Amino acid sequence: MLGSTPEWMLNGRTNQIRFDHPMTWLVMGGRGSGKTRLGAEWVNCLVHGLAPFAANPISPIALVGETIADVRDVMIEGPAGIKASTRHKRPRFYSSKRQLVWEGGQVAQLFSSEDPDSLRGPQFAAAWCDEIAKWKHGIETWDMLQFGLRLGDHPRIVATTTPKPVALMKRLLADREVAQTIMRTSDNAEHLAPGFLKTVNAQYGGTRLGRQELDGELVEDRQDALWKRADIEKIQGIRPEKLNRIVIAVDPPATSTKRSDACGIVAAGLDDDGTGWVLADRSFRPAPPRRWAERVVSLYHLLEADRIVVEANQGGDMVEAVIRQVDPNVPVRSVHATRGKWARAEPVAALYEQGRIRHAGRFPELEDELCDFSVEGLSGGRSPDRLDALVWALSELMLTGRGAPRIRTLT
């Protein structure tokens, strides 16, 4: 059994421990900064009533992550999760009930940001929320959780995350009642692989991505960006049932190693009113030719698209040939960039300013690239492959006038 003073009091850093027990504690940390370990130790101290986080056992507790798999694989069973940080008999995980149960009867329930309504009904004395900046339905999930925190003398939340300028993060940062802690990756250097910090600082130090992912900073839009996050948040909508034309645009990488650029794959459509709709972002990395071609063709058939548009600057005819190896019957048009990325993007950004573009959902990675796009043609210090694919798709639909809808047979 643990004593009244657990090892965490001796091993935890000063920025991982609080004695004032705020109702909401927001911990923003870089990758590998120790924020997950903090959340796990916080939960273990609560269920056993141990300092520095509790004087008496607290239960039940909500564990909320982006997905149920994230809660299980990271928050519970991960190398810095609840089980790993337990120094006595570990709690039992009941997957069918989505519960973690300790020997003393304390219970933690698993929840996902994909299903905010699952938080209707249950009630809790505390909650650990992980990676809230990645939550699919951030505001809705957070709000539903608040209504359930109604047990015990002092309901409380710890939210651990690498920050992103999403609506929930901005709301919490503006709330004076929310206690805040920032942890940098470098703070946890002694527990990281040798050479890791040197490598990532050399690649990302000083960039927006580095400030966010290593220093735990919330980075807002670039002042000179063509797109603003606030404007993009206003154009979310429900896709019309009928779209006159749909295209899939592809910006393939020159190579397919782990350090290569992503393969940008974006689908867009045009409605009766001449409004362009961004329908999907299926970009990924690393992207071997056969894999990205299969993903493109699959999306083409799923959306019943009219055409695939492929940037062929890097691979020429071979790019189109890769797609035809997967499906020889899909219509493909190769396009070649004759201007820089910024010059190609400006007319598309103008369509956004004119209110002629809508997004049929949230596309966080794509939005990040749009709002950090610089005149140098980079976003987050890298090639903006998602943005490139978006520009090709919307240009094909709204700026070139080429092509016609595929004829569909009504049955």
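You're working with a predicted model, where local features need pLDDT of at least 70, side-chain atom pairs count only at pLDDT 80 or more, and totals for chains, interfaces and linings use all residues. Residues are numbered from 1 along each chain as its sequence is written, and side-chain values use heavy atoms, with hydrogens and water left out.

**Exercise 1.** Work out why helix 12 counts as largely enclosed.

*Solution.* First, the terms. Helices are DSSP runs of H or I with at least four residues, strands are E runs of at least two, and both are numbered from the N terminus. Buried means under 20% relative accessible area, exposed over 50%, and partly exposed in between (1.4 Å probe, protein chains only).

Now look at helix 12, residues 364–371: six of its eight residues are buried, so the rest of the structure largely encloses it. Among the buried ones are Leu366, Leu370 and Cys371.

Then ask what does the covering: it includes helix 8 (229–233), strand 11 (276–281) and helix 13 (385–398).

**Exercise 2.** Describe the surroundings of Asp368.

*Solution.* Asp368 is buried, at 11% relative accessible area. Finally, list its contacts (heavy atoms within 4.5 Å). Leaving out residues up to four places away in sequence, Asp368 touches Lys164, Arg229 and Ser379.
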